[in-house]
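Here is a quick walk through a few spots in this model. Keep the sequence and the 3D view open while you read.

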Amino acid sequence: MHRITGRAGGDNLIEMSPTESFNDDINGYNQHASSSTGSFQQGQSASFLTPDVCVETCESLSASLASLASSDHSDSPQFEAQTLERISALTGLSRKRALFLKFRSRIDKQQQSKDSVFFRDGLRRIDFVLSYVDDKAGERKQERRRVYEANLAKVGLELETEDKSESEDGKTYFVKIHAPWEVLATYADVLKIKVPFKVNDIPDNTEMPMNWLSTPFRLPETIMHPEPDFFTAPFDKSKSDFFLIDDKETFFPPSNRNRIVYYILSRCSYLREECGDKDKKGIKRLLNNGTYTAAFPLHDCRYWKKSRDTHCESERYSLYKHWARFLFFFKEQPLNLVRKYYGEKIGIYFAWLGFYTEMLLFAAIVGTICFVYGVLTYDENEWSKEICSGEIGGKIVMCPLCDKKCGFWKLNSTCNSSWQSHLFDNVGTVFFAIFMGIWVTLFLELWKRRQARLEYEWDLVDFEEEQQQLQLRPEYETKCSNRKLNRITQEMEPYLPITSKCARLCLSGATVIFWISLIIACIIGVIAYRLAVYAAFASIMKDNPTSHLQVVGPYITPQLATSVTASCINFVIIMILNLMYERVAVWITDMEIPKTHLEYENKLTVKMFLFQFVNYYSSCFYVAFFKGKFVGYPGNYAYMFGRWSKLRNEECDPGGCLIELTTQLVIVMTGKQVWGNIQEALVPWLMNWWGSRKARKHPESIYSRWEQDNDLQSFGQLGLFYEYLEMVIQFGFITLFVASFPLAPLLALINNIIEVRVDAWKLTTQYRRPVAAKAHSIGAWEEILSGIAVLSVVTNAFIVAFTSDMIPRLVYMYAYHPDGEMNMKGYINNSLSMFNISAIPVANSPEEGENPAWFNSSITTCRYRDFRYPSGHEKQYSHTMQFWHILAAKLAFIIIMEHVVFMVKFFVAWMIPDVPSDVRARVKRERYLVQEYLHNYEVDKLKKQLTHNNCSNDCTCPPMIYPTLSKHEVLSECL
């Protein structure tokens with residue numbers, strides 16, 4: 001193990017030779033320097049300085065002062081005098097900071113550059129970086145680091161340390177880790193990493209007709225396919241000559257290298273053998289207890305500037321240039337390059353997000369056509385004409401909508417909302433609801449095919465996710481002190497007693513139920529707000545005080561004002577509860593002590609989605625299925641908490657409740673998307689800007705690659721979890737309630753076009769490079785999407801039947817039109833029941849002064865929205881036969897629609913195979929070639945061995961196909 005620091009001893013800094021200068025055109029270190037370089041070049045003289053270096057927080061120097069450290073003439077006597085004179089003019093912390101930067105610029109860093117991803121010798125690549133701040137009182141941390149790094153060296157990793165004097169803040173140490181070929185080969189064998197052994201010889205016959213039309217949307221071939229197509233097989237160290245190894249240093253790409261190193265870091269012990277505690281291991285625990293502050297692989301270059309080092313891939317720059325900029329929103333994603341740089345798990349997410357966005361295009365087109373249909377049939381809306389007519393709607397007096405504070409009102413006051421409702425409540429709504437039920441199935445089935453193709457192209461066909469994920473979590477090993485014998489491995493392993501597990505699960509379940517109850521209580525509070533505030537709005541607006549407002553004035557009604565304000569309050573409550581519950585969900589999942597990482601993610605996914613489902617959708621469910629359904633009738637109204645509460649249940653206006661569901665959906669869905677994008681893009685940018693505000697003004701040669709990445713945000717183990725959660729919640733909005741708002745897919749499409757580039761931008765520019773991880777699917781989210789797809793058929797059927805007025809209109813047109821003609825004339829009068837004003841109880845009657853000026857004693861009856869017999873009838877105020885006919889028609893529609901859509905869904909799912917035929921053929925071909933080439937390889941090896949034996953005539957041992965190899969010791973002190 002080579003430890004190289006920028007100090008020659010003690011706390012002294014090293015002067016650079018007068019002939020040396022910083023040059024940022026040189027990427028990496030001196031390519032011919034020896035690995036033990038860290039002090040001086042041979043023949044150079046050194047002088048030691050012991051300045052009073054101040055590293056306290058203070059304002060950074062101006063760019064001109066910072067540039068002194070990197071100037072080519074900074075070591076000349078004349079320039080030295082000028083620099084000292086300028087520094088002496090400064091006072092206080094600024095002077096100390098200037099001295100620190102000046103002395104630091106003289107450290108022999110071998111012409112270090114921003115793009116350096118190599119050790120000081122310029123040959124060994126940095127595969128991982130650990131950072132820590134040396135705490136004077138942290139002797140235990142120092143001991144852990146010393147033992148941990150010594151154990152890493154025993155495994156075969158090579159380490160190089162950058163002293164704190166060479167860091168930007170003067171406090172942070174950086175340990176750079178390099179994995180040599182022997183280590184990479186050993187653990188590639190352990191992890192069964194697939195590597196190429198032959199160029200793919202299967203012709204690609206996937207040419208699409210009129211392929212030239214997609215030319216504007218394509219990226220350069222070198223970006224889309226950064227690597228040739230190979231047949232691959234799991235790496236076997238004993239057969240290394242079987243694989244296509246041209247250069248051992250570049251055979252394993254950086255993503256595989258950092259994955260292998262992280263595998264070792266996660267399993268290496270940080271206590272001495274004599275301590276006997278084998279559970280004290282892993283970089284995660286060292287990060288949790290503060291021994292190290294960060295652990296991350298390096299980005300390969302600056303994202304905005306291509307590296308000038310020919311040995312550096314500059315893939316980060318390529319991703320930023322062709323993927324992470326919004327100007328390329330219409331271009332395809334370079335998924336192969338994303339997979340190569342970030343690993344398969346992140347690649348699968350962006351592949352799914354891109355495919356979801358592509359499929360949304362078809363749903364958005366059909367939804368827009370349905371909306372346009374509503375606009376074009378605007379003038380054919382007979383019931384709205386009747387409502388707005390002075391002869392019909394102007395003469396119909398409606399009963400008060402609330403007690404005391406609401407007066408009688410004329411039906412034509414809802415003219416505007418009736419026209420607005422027609423835009424979404426028309427025949428196109430039924431067609432679109434059925435279409436979306438089929439679209440969801442197509443989306444899920446076609447994604448399975450796309451996923452199967454990616455599994456083959458990315459060498460994930462035989463990937464055993466369970467084998468990787470069934471590794472015990474360090475937290476589980478720490479907190480479970482009991483041991484039992486594993487019947488498979490015959491080793492003692494930690495376990496959680498059944499009593500403790502049951503108690504934890506009960507507490508966790510009770511916590512989840514409590515928070516869901518809290519959401520329901522908040523929704524009930526919002527409903528109470530709607531009931532209470534509606535009366536206030538009705539009283540204020542009875543004289544139309546908003547009519548003087550231009551454009552929007554005529555459209556503001558008590559119903560609209562109540563709905564909009566309640567939706568906004570509900571959205572704020574949703575955001576607050578969401579922030580609080582995220583912490584609670586992680587806490588109760590940690591409390592359950594899941595055994596494996598897979599179990600942890602699944603438990604957290606269920607808790608978070610269940611909470612988010614209730615949080616985001618409960619208000620929409622209320623408006624869609626409860627509002628206006630349990631109202632009663634004048635003289636016998638239903639109240640929310642009984643008559644004592646005086647909170648009378650809400651009614652739907654004659655235009656229906658669908659327009660209110662649309663308003664609720666637009667506010668919650670759009671507000672969440674806008675807030676989410678702002679939060680995702682702005683928060684990490686501000687944190688990075690603030691954290692690196694001083695370092696940005698330092699000379700480029702000082703602010704090294706590992707320091708730049710250390711100042712970025714950590715992506716975290718659950719980074720993708722929140723991205724999936726955001727998209728799945730959006731998927732619920734556009735499927736569960738799409739019958740009320742056909743433009744929802746269009747809004748989702750616009751958001752996702754932005755989302756793809758925002759996620760790419762923040763991952764490429766604002767976050768450290770995540771550790772590459774494998775995943776062959778989107779995991780548990782696929783089952784959740786399937787569940788939402790099934791539920792969406794039911795919810796949309798109920799929305800069309802019970803929230804929309806489509807069924808009552810059709811029943812009237814076909815069965816109850818008096819003239820026998822199939823039109824909607826007279827529908828409004830038919831759908832309103834009559835009540836004697838004199839029979840209205842005093843508790844429900846308007847207070848004096850609440851009635852409008854046109855109301856007088858000659859008006860004896862009022863109308864309300866229901867199908868009931870009038871007073872004086874033998875069945876007065878009971879439901880008419882038409883009500884039961886409509887109810888039967890609604891139930892019949894639900895049954896027919898559900899059965900038709902489900903039959904089509906199952907038929908489509910049966911017709912579309914999950915794995916394309918060409919992919920299945922390629923998988924079989926690859927497996928056949930692996931067997932054939934391995935067989936030929938072994939035969940050739942046997943022939944060579946027999947030839948050698950015949951020539952030597954000395955060996956009496958029978959030839960062996962598998963020669964005896966020395967067993968490589970894998971983490972002997974660490975596992």
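Let's start with Trp689, which sits in helix H21 (residues 658-691); helices here are DSSP runs of H or I with at least four residues, strands are E runs of at least two, and both are numbered from the N terminus. At 41% relative accessibility, Trp689 counts as partly exposed. The cut-offs behind that label: buried is under 20% relative accessible area, exposed is over 50%, and partly exposed is in between, with a 1.4 Å probe and protein chains only.

Trp689 is one of the residues in a nonpolar surface patch, along with Val674, Ile678, Leu682, Trp685, Leu686 and Trp690. Patch members need over 30% relative accessible area and no salt bridge; nonpolar side chains (Val, Leu, Ile, Met, Phe, Trp, Tyr) are joined within 5 Å, like charges within 9 Å. As background, an α-helix has 3.6 residues a turn, so residues three or four places apart point the same way.

## How to read the model

This is a predicted model, so local features need pLDDT of at least 70 and side-chain atom pairs count only at pLDDT 80 or more, while totals for chains, interfaces and linings use all residues. Residues are numbered from 1 along each chain as its sequence is written, and side-chain values use heavy atoms, with hydrogens and water left out.

## Three disulfides

How many disulfides does a search of the whole structure find? It turns up three, taking a disulfide as a pair of cysteine sulfur atoms within 2.5 Å. One joins Cys388 and Cys415, with the sulfur atoms 1.8 Å apart. This pair links distant parts of the chain: Cys388 belongs to helix H13 (residues 382-388) and Cys415 to helix H14 (residues 415-424), 27 residues apart. The torsion about their S-S bond is about 100 degrees, so this disulfide is right-handed. Cys388 is partly exposed at 26% relative accessibility, whereas Cys415 is buried at 16%.

Another disulfide ties Cys399 to Cys862, S to S 1.9 Å. This one also connects distant parts of the chain, 463 residues apart: Cys399 is in the loop between strand E9 (397-398) and strand E10 (409-410), and Cys862 is in strand E16 (residues 861-865). The link is right-handed, with 85 degrees about the S-S bond. Cys399 is buried at 3% relative accessibility, and Cys862 is buried at 0%. Then there is Cys402 with Cys406, sulfur atoms 1.6 Å apart and right-handed at 95 degrees. Both ends are buried, Cys402 at 7% and Cys406 at 4%.

## A cysteine without a partner

Now for Cys312, which is buried at 7% relative accessibility. Another buried cysteine is Cys268, with a relative accessible area of 0%. Cys312 is in no disulfide; the nearest cysteine sulfur, that of Cys301, is 5.5 Å away.

Why is helix H5 (residues 181-191) described as largely enclosed by the rest of the structure? Because eight of its 11 residues are buried; among them are Trp181, Tyr187 and Leu191. The cover over the buried residues of H5 includes helix H4 (139-155), helix H7 (248-251) and helix H8 (254-265).

E4 pairs with strand E5 (residues 172-178) in the antiparallel sense over five bridges; strands count as paired if DSSP finds at least two bridges between them. In that pairing, Thr161 stands opposite Val175 of E5.

Last stop: Gly437, in helix H15 (residues 427-457). Gly437 is buried, with a relative accessible area of 5%. Leaving out residues up to four places away in sequence, Gly437 touches Val793, Val901 and Lys905, contact meaning heavy atoms within 4.5 Å. Gly437 and Met897 are 460 residues apart in sequence, yet 9.9 Å apart in space, C-alpha to C-alpha.

Definitions and conventions
Accessible areas come from the Shrake-Rupley method with a 1.4 Å probe; for residues, only the protein chains shown count as cover. A salt bridge is a side-chain nitrogen of Lys or Arg within 4 Å of a carboxyl oxygen of Asp or Glu.
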